[in-house]
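Visitor: Hi! I'm new to this one, could you walk me through it?

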Amino acid sequence: MSCLRCAVKFLTKSPAADGIIGLPGPLIQSVRGIKPRWLPKSKSKIFYVRTPTPIDPVEHEQLMTLYFHYRAHLRSIRSFICSQHLQQLQAAKQRTIEQEDKVADFKKMEEEISQWNARVQVVREERQAQEAQWEQKRVERKMTRVERRKLRRLEQAEQKLQSDMEAAPKFITMDNLDTEIEKLLNMRIDYNFAIDKQGNKFSADSTSKKDDAKDSEQKEAAKG
């Protein structure tokens, strides 16, 4: 059932602007309506019985076959999606378990490393303390050697000073300078000498004296 709704719209523009010739008037628009829910059934449909649509057995069988195939495909797709979802859930759970295992292993490894570091620290501190003691002893020994060397040098210096003081009368001073010069000028040194393989020194005077002694011996032997 349809009804007419009249919508009256007064033209606010001039008719010439829209190309309309004539006087302005109401605008009537026909709209198809829907029957409200509170209205009763129409009299023409009170005793109306719809005739069932005829069904072709072959077509119905074909449609049912296609429907069953559709339901089977739908169930298979649903089961496949469910299985995939379950696999994803299991994989996520497995990854979570593996991650927890990794975290636990890392914590355990961290604890073991901390314990190992503590043991190494104790050993290192003991070694460093022992090395410090050895270094202190080495420094003490070195200082002792240095002190001994200083004392030895001081003793040597004192001995040298004592010997120099003892030899001081023999030093050449301005008082005995002329005398020492005269001694050096009067000193005769003969550099004409030879040395044999045994290190014996033979000067010209000694050889001449030996030759003279041999000649005298030969003369005496000839006379005798």
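Visitor: Let's pick a spot. What do the side chains of Arg 138 and Glu 135 do?
Guide: They meet in a salt bridge, with a distance of 2.4 Å from N to O. Keep in mind that this is a predicted model.

Visitor: Okay, and where do Arg 138 and Glu 135 lie?
Guide: Both belong to helix H1, where they are three residues apart, or about one turn of the helix.

Visitor: Is Arg 138 buried, exposed or partly exposed? And what about Glu 135?
Guide: Arg 138 has a relative accessibility of 38%, so it counts as partly exposed. Glu 135 is partly exposed too, with a value of 38%.

Visitor: How many salt bridges are there?
Guide: The count comes to three. Another of them joins the side chains of Glu 131 and Arg 127, at 3.6 Å from N to O. Those two residues also sit in helix H1, four residues apart, which is about one turn of the helix.

Visitor: How accessible is Glu 131, and how accessible is Arg 127?
Guide: Glu 131 has a relative accessibility of 41%, so it counts as partly exposed. For Arg 127 the figure is 40%, and it is partly exposed as well.

Visitor: Which residues meet in a salt bridge at 4.0 Å?
Guide: Those are Lys 183 and Glu 180, through their side chains. They belong to helix H2, which covers residues 177-186, and because they are three residues apart there, about one helical turn separates them. Lys 183 is partly exposed at 48% relative accessibility, and Glu 180 is partly exposed at 22%.

Visitor: Can we zoom out a bit? What does the secondary structure come to?
Guide: The protein has three helices and two strands. Starting at the N terminus, the order of the elements is α-α-β-β-α.

Visitor: And how much of the protein counts as buried?
Guide: Of its 224 residues, 1% count as buried.

Visitor: Let's talk about charge on the surface. Which residues gather in the patch of positive charge?
Guide: There are Lys 137, Arg 141, Lys 142 and Arg 145, along with Arg 148, Arg 149, Arg 152 and Arg 153. Take Arg 141 as an example: this residue lies in helix H1. Its relative accessible area is 46%, so Arg 141 is partly exposed.

Visitor: What about negative charge, which residues form that patch?
Guide: The negative surface patch is formed by Glu 98, Glu 100, Asp 101 and Asp 105. Glu 98 lies in helix H1, which spans residues 57-166. With a relative accessible area of 38%, Glu 98 is partly exposed.

Visitor: Which residues make the nonpolar patch?
Guide: Leu 184, Met 187, Ile 189, Tyr 191, Phe 193 and Ile 195 make it, and the patch has an area of about 690 Å².

Visitor: Where does Phe 193 lie?
Guide: Phe 193 is in strand E1, which runs over residues 193-195. Its relative accessibility is 33%, so Phe 193 counts as partly exposed.

Visitor: Last topic, I promise. How many aromatic pairs does the structure hold?
Guide: It holds one aromatic pair. The two rings belong to Tyr 67 and Phe 68, and their centres are 6.1 Å apart.

Visitor: Why is the pair of Tyr 67 and Phe 68 called tilted?
Guide: The planes of the Tyr 67 and Phe 68 rings are at 50°, so the pair is tilted. Planes under 30 degrees apart would count as stacked and those over 60 as edge-to-face, with the rest counted as tilted.

Visitor: Nice. And is Tyr 67 buried, exposed or partly exposed?
Guide: Tyr 67 is partly exposed, with a relative accessible area of 39%.

Visitor: Thanks, that helps a lot!
Guide: You're welcome, come back any time.

How values were computed:
Residues numbered from 1 in each chain as written. Predicted model: local features only at pLDDT ≥ 70, side-chain atom pairs only at ≥ 80, totals over all residues. Heavy atoms only, no water. Phe/Tyr/Trp six-rings, centres within 6.5 Å; stacked < 30°, edge-to-face > 60°. Buried < 20%, exposed > 50% of the residue type's maximum accessible area, 1.4 Å probe, protein only. Patch = residues over 30% accessible without salt bridge, like charges linked within 9 Å, V, L, I, M, F, W, Y side chains within 5 Å. Areas by Shrake-Rupley, 256 points an atom, 1.4 Å probe, with all protein chains shown as cover. Lys, Arg positive; Asp, Glu negative; His and termini not counted. Charge placed at Lys NZ, Arg CZ, Asp CG, Glu CD.
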